[in-house]
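Here's a quick briefing to read alongside the model. Have a look at the sequence and structure, then work through the points below.

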Amino acid sequence: MYQVNININAGADFKQEFFVTGPDKSPTDITGCKFHGRIGKHSKPLIAHLSTSEEPVYNFLKFDTAVSDGQGGGYTISLSSEQTSTLEEGKYVYQVVLEDVNGETNKVMSGLAFVDFSFGDN
């Protein structure tokens, strides 16, 4: 699993490509795999007034994900401008999980996401 910090401009489209590689840095074939990603203020951000001990309710935003280069190990995570406009400025945590063709899941990436409102300013 890799740890990578990302920057997101609130109110703007966000898209970033990453690659799954083996220990020797060679590309991993991810053809037919799916990715699931989410971002939240905490790793398990509960909505306290809606959660119970039997049924927790989490407050996170799901990334749109896609395989961009199956044989080369490339995949993207993205959020629309509508989605990023719901984020408050600050620090978040995120994670991305790979689901292989057999349904097995592995966390492939996580890190901090820094959300900023100053896009377009110089």
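Let's start in a loop: K25 is found between β3 and β4. Keep in mind that this is a predicted model. The chain as a whole comes to one helix and eight strands, and 35% of its 122 residues count as buried.

- K25 isn't a glycine, yet its phi is positive, at about 70 degrees.
- Most residues other than glycine have a negative phi.
- Is K25 buried or exposed? With 58% relative accessibility, K25 counts as exposed.

**Overall layout**
- Going along the sequence, the pattern reads β-β-β-β-β-β-α-β-β.
- Among contacts with a separation of 6 or more, 64% are between residues 24 or more positions apart.
- The chain exposes about 7,700 Å², and carbon and sulfur atoms supply 48% of that.

**The nonpolar core**
- The largest nonpolar core has 24 residues, and I6, I8 and Y75 touch the most other members.
- Which strands each supply at least two residues of this core? They are β2 (6-9), β3 (14-19), β4 (34-40), β5 (61-69), β6 (74-79), β7 (90-99) and β8 (105-116).
- Leaving out residues up to four places away in sequence, I6 touches F14, Q16, F18, F63, I77, Y94, L112, A113 and F114.

**Aromatic pairs**
- How many aromatic pairs does a search of the whole structure find? The search turns up four.
- One of them is F14 with F63, a tilted pair at 6.3 Å centre to centre and 45 degrees between the planes.
- F14 lies in strand β3 and F63 in strand β5, so this pair ties together parts that are 49 residues apart in sequence.
- Both partners are buried: F14 has a relative accessible area of 7%, and F63 has 6%.
- Another pair is F35 with Y75, which is stacked, with 4.1 Å centre to centre and 10 degrees between the planes.
- Here the link runs from strand β4 (F35) to strand β6 (Y75), so the pair ties together parts that are 40 residues apart in sequence.
- F35 counts as buried at 5% relative accessibility, and Y75 does too at 1%.
- Y75 also turns up among the residues that touch the most other members of the core.
- Ring pairs also link F14, F63 and Y94 into a cluster, and I6 touches each of these three residues.

**A charge over a ring**
- Where does the charged end of K41 sit? It sits over the ring of Y92, 4.4 Å from the ring's centre.

Note on methods: Residues are numbered from 1 along each chain as its sequence is written. This is a predicted model: local features need pLDDT of at least 70, side-chain atom pairs count only at pLDDT 80 or more; totals for chains, interfaces and linings use all residues. Side-chain values use heavy atoms; hydrogens and water are left out. Helices (H or I, at least four residues) and strands (E, at least two) are DSSP runs, numbered from the N terminus. Buried means under 20% relative accessible area, exposed over 50%, partly exposed in between (1.4 Å probe, protein chains only). Contact means heavy atoms within 4.5 Å. Accessible areas come from the Shrake-Rupley method with a 1.4 Å probe; for residues, only the protein chains shown count as cover. A nonpolar core is a set of buried Ala, Val, Leu, Ile, Met, Phe, Trp, Tyr and Cys residues joined through side-chain atoms within 4.5 Å. Rings of Phe, Tyr and Trp (its six-membered ring) pair if their centres lie within 6.5 Å; planes under 30 degrees apart count as stacked, over 60 as edge-to-face and the rest as tilted. A charge sits over a ring if NZ of Lys or CZ of Arg is within 6 Å of the ring centre and within 35 degrees of the ring normal.
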